[in-house]
Amino acid sequence: AESAKETRASMATATRYAGASIDLEALDALVVRTAMELYCAGSHSRAVSERARESVLSGDVLSALRWAEHEKGGSGAVLEDKRLLFKLKKQHFLELALAADGTEDLELALRYCREDLAPLALEAYPEAYDEFKSAMFAVVSAGYGLDKAEKLGAAEGRPSLAAALSLAMRKETGAREPDLLLLLRHLLLLRAKFANDDVGDEHLPLAEPTDGAFLLPVETPGASSQVFPESVVLPLRDAACVTSREATEALRHFGGDVESALESELLRVRLNEDEIGELIAEYATRRGLFSRDQSEFSWAEAAAGCPAIASALASWEDGTGRERAARDAAAAAAAGRSKEAEAVLDRAFPGLVARSPRLAFEIKRRELLGLMRGGKQQLQEALDIARGDLRDLVDRDPGLMSDLKRTMASLVFYNKGVGYDDGEGE
C-alpha cells in the first residue's frame, strides 16, 4: 500500500510540473486498453503464461508444465523445444532434491533423474549432458547439510527459467504485454538507474524483486557473432537500462527484432499486479472513465477479473463514497465555490484541507480566478484572497511561492486586458 501511495504521489507531482506535455486523452485510452487486455476474455493466454512463470518462481515446475500444455498456453507447443524442456526437467530434479527430507525423498528425485531427465540429456543440445552431470553431482554432494540450498542452486535458476518459459508461451500464443505495463517497467528502471545508489528492487513502487538475466543461449548456428549498428544497440541499451553487450545479446536472440528484444528485457521487472489493478481503478475514477462510452469494452467485464475495479465501479455507480465527494469538491472548486468545496471535503476526509496547504491553496486560487472573471468590481476581493489566504498558506509551505507568483502574474495581466492562463486549463 505504501509503495502504491508513493507511486501515485510521484505521478501527481510529474503531472503538476509537466501538465502541458501530457496528452491525457491518449493516457486514458492506454489505461482502458490495458484494463481490457488484463481483465477481459482475450487476456487468457497472457494470464496462463503468467501462471506458468509464477509456478516456476515458486519451485512448482510440474504445475508450470501443465500450464504450458493448457490450450491457452499453446497446447504444449513450447515443450517441443528440447532445450527448454530439458532445462525445466532439470530444474524439477533440483527442486525435488531441495525438498527431500529423507532417503525415500532423495531416491524419488534420483528415480525421476534416471527415467525422465537422463534420456533427454542425450539429445537436447550439445551442452545438455554436461549440465546433467553437474546437476547429479550437486544433488549427491549436497546431501542433507545446512548448505544444501546453496550447493543445489535451485532458487538461483528460477528467475531466468521462469522468464524464458513465459516469453516462449507468449510468443507461441501471440499474447503481448500491455503497453502501459511495459511503460511502467521502463519508468521503474529509469528510477532505479538515476535515483540514489541505495535504491534497490525492494524500494521500487509497483515492482516485485527480481534478479538475473533470463535469455536462454541462442540456438541458431552463427547467431552469436551477428553484429548490429550502434544506432540499433544504443537506443535498446538506454530504453532497457542494460549494458551494450546485453542489448546486443537480446537482439541476437530475437534475430534483430528490436521490439521483441525490448519487451523481453523489460519483462525482467516483475510488477505487483494487485497494485496495478488498484492504480487503474483509481485513475479510472479520477478521470471519470467509468461513465464514458467504450466501444468493444465493458468495465463490468473488467471488474469481474479485478476486485479493485469492481469496488471502484460499484462505488461510482451507486454515487456514494469518497470518490463522489472528491468529484463534487473538484466541481465546486473549479466553479470558484471554495467554501462549498472545503465543506464537502471535510465531511468525506475530516481534517484533510487543514493538513494540506497545497490543497487549500489550490481551492482558494480557483476562487481568485473566478473573481477575476467577474470584472473590476470583484478585483479587490481577488486581491484580498491573494494577500490573505494565499499568503498565509505560503508561510506554511514555502514551496507554494512559485504558484503564488504565477497566480499574481495572471491577475496583473488579466487586469491589463491581455488575458491570462491559469496554467492548468478550466
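**Figure 1. Helices and strands of the chain in the predicted model.** The chain contains 22 helices and two strands. It has 426 residues, and 42% of them are buried. Taking contacts between residues at least 6 apart in sequence, 67% join residues at least 24 apart. The chain exposes about 22300 Å², of which carbon and sulfur atoms supply 53%.

**Figure 2. The largest nonpolar core.** This core has 40 residues. The members that touch the most other members are F86, L88, F93 and L165. At least two residues of the core come from each of α3 (44-57), α4 (61-69), α5 (82-99), α6 (103-121), α7 (128-142) and α9 (154-173). With eight residues, α6 gives the most to this core.

**Figure 3. Surroundings of F86.** Residues up to four places away in sequence are not counted in this view. Beyond them, F86 touches L117, L120, A121, A124, Y125, A128, E131 and F132. F86 is also one of the residues that touch the most other members of the largest nonpolar core.

**Figure 4. Packing of α6 and α7.** Two packed helices are described by the angle between their axes and by the distance between the axes. For α6 and α7 the angle is about 170 degrees, and the axes are 11 Å apart. Angles over 145 degrees count as roughly antiparallel, so α6 is roughly antiparallel to α7. On the α6 side, the contact is made by L106, L110, C113, L117, A118 and A121. On the α7 side, the contact is made by A128, Y129, F132, M136 and V139. Eleven residues of this contact are nonpolar, with no polar and no charged residues. Of the residues in this contact, L117, A121, A128 and F132 are also touched by F86.

**Figure 5. E177 and its contacts.** E177 lies in the loop between α9 and α10 (179-194). Its relative accessibility is 0%, so E177 counts as buried; the cut-off for buried is under 20%. Leaving aside neighbours within four places in sequence, E177 is in contact with R46, R170, L182, R185, E263 and L267. E177 and S264 are 87 residues apart along the chain, and their C-alpha atoms are separated by 9.9 Å.

Methods:
Residues numbered from 1 in each chain as written. Predicted model: local features only at pLDDT ≥ 70, side-chain atom pairs only at ≥ 80, totals over all residues. Heavy atoms only, no water. Core = buried A, V, L, I, M, F, W, Y, C linked by side-chain atoms within 4.5 Å. Buried < 20%, exposed > 50% of the residue type's maximum accessible area, 1.4 Å probe, protein only. Helix = DSSP H or I, 4+ residues; strand = E, 2+ residues; numbered from the N terminus. Contact = heavy atoms within 4.5 Å. Areas by Shrake-Rupley, 256 points an atom, 1.4 Å probe, with all protein chains shown as cover. Axes fitted to C-alpha atoms, helices over the stretch in contact; angles between N-to-C directions. Parallel < 35°, antiparallel > 145°, perpendicular 65-115°, else oblique. Nonpolar A, V, L, I, M, F, W, Y, C, P; charged D, E, K, R; others polar.
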